[in-house]
Amino acid sequence: MGACKLGVLLSGGGTNLQAILDSCETGLLRSKAEVAIVISNKEDAFGLARAKQAGIPALHLDPKQFPSRTEYFAKIISELKKHEISLICLAGFLLKIEPNLIREFPKRILNIHPALLPKYGGKGMYGHFVHEAVIRAGEKESGCTVHIVDEEFDHGPILAQRKILVLANDRADTLAERVLKEEHILFPEAIAQYLKKI
Ligand code: GRF
């Protein structure tokens, strides 16, 4: 069987995309997966530049250019199909996934979240909001989670987690930085594990 074609959706810097790309080149995902398209809802997402740099089709699709979210996601579906994608990775994609995409790729969409779900997920729980909430609650540990996407934000079956300690002097940015390092290990690992099962 050839390498599984991944489609990556993102909205920002794309360090998780980079970790996946690196893993496809020289790591766990080598000859098991390849990123075949990267799509962003944000034109200035640095993740698009990373994709171009790697010679991978990088597409900006602006939701405002579509009459509805369903039609926006229909366009995403058609691009993913054009590139024969079998698994979608959400790597910092901030839009809620519409049911049409989930129906088209059932159990084939993975998301990474910078906390230990089921805690600290859901609407509005992204970026520094997550880490601020973790610190405010006095949690002793945090980490990251890869899960299968369903129709609720940050819901769906959990595939893998990595944990770190929250330090007494942590701020949201210091905690975010350490969690992000774990994400870069976890996402390729979780994809590799998942590919063994499908
Ligand atoms: C990560 O913290 C990820 O868990 C969350 O969005 C962030 C994306 O970071 N979903 P990057 O764009 O991969 O650097």
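**The ligand site**

A: Leaving aside residues up to four places away in sequence, Asn 16 touches Ala 91, Ile 112, Leu 180, Glu 183, His 184 and Phe 187. This is a predicted model. Asn 16 belongs to helix H1, which covers residues 15–26. Its relative accessible area is 7%, and a residue counts as buried under 20%, so Asn 16 is buried.

Asn 16 is also one of the residues around the ligand.

Thr 15 takes part through its side chain, where an N or O atom is 2.5 Å from an oxygen atom of the ligand. Glu 183 has a polar side-chain atom 2.6 Å from an oxygen atom of the ligand. The ligand taken alone exposes 370 Å², and the protein buries 79% of that.

The C-alpha atoms of Pro 114 and Ala 176 are separated by 7.7 Å, although the two residues are 62 residues apart along the chain. Ala 176 lies in helix H6, which runs over residues 172–197. With a relative accessible area of 23%, Ala 176 is partly exposed.

Glu 189 pairs with Arg 162, and their closest N and O atoms are 4.0 Å apart. Glu 189 is in helix H6 and Arg 162 is in strand E7 (residues 158–165), so this pair ties together parts that are 27 residues apart in sequence. Both residues are partly exposed: Glu 189 has a relative accessible area of 31%, and Arg 162 has one of 27%.

Another salt bridge joins the side chains of Asp 170 and Arg 178, with 2.7 Å from N to O. Here Asp 170 is buried, at 9% relative accessible area, whereas Arg 178 is partly exposed, at 25%. These pairs are among the 10 salt bridges found in the whole structure.

Conventions. Residues are numbered from 1 along each chain as its sequence is written. This is a predicted model: local features need pLDDT of at least 70, side-chain atom pairs count only at pLDDT 80 or more; totals for chains, interfaces and linings use all residues. Side-chain values use heavy atoms; hydrogens and water are left out. A residue is near a molecule or strand if one of its heavy atoms lies within 4 Å of it. A polar contact is a pair of N or O atoms within 3.5 Å; within protein, one must be able to donate a hydrogen and the other to accept it, and residues adjacent in sequence count only if both atoms are side-chain atoms. Accessible areas come from the Shrake-Rupley method with a 1.4 Å probe; for residues, only the protein chains shown count as cover. Helices (H or I, at least four residues) and strands (E, at least two) are DSSP runs, numbered from the N terminus. Buried means under 20% relative accessible area, exposed over 50%, partly exposed in between (1.4 Å probe, protein chains only). Contact means heavy atoms within 4.5 Å.
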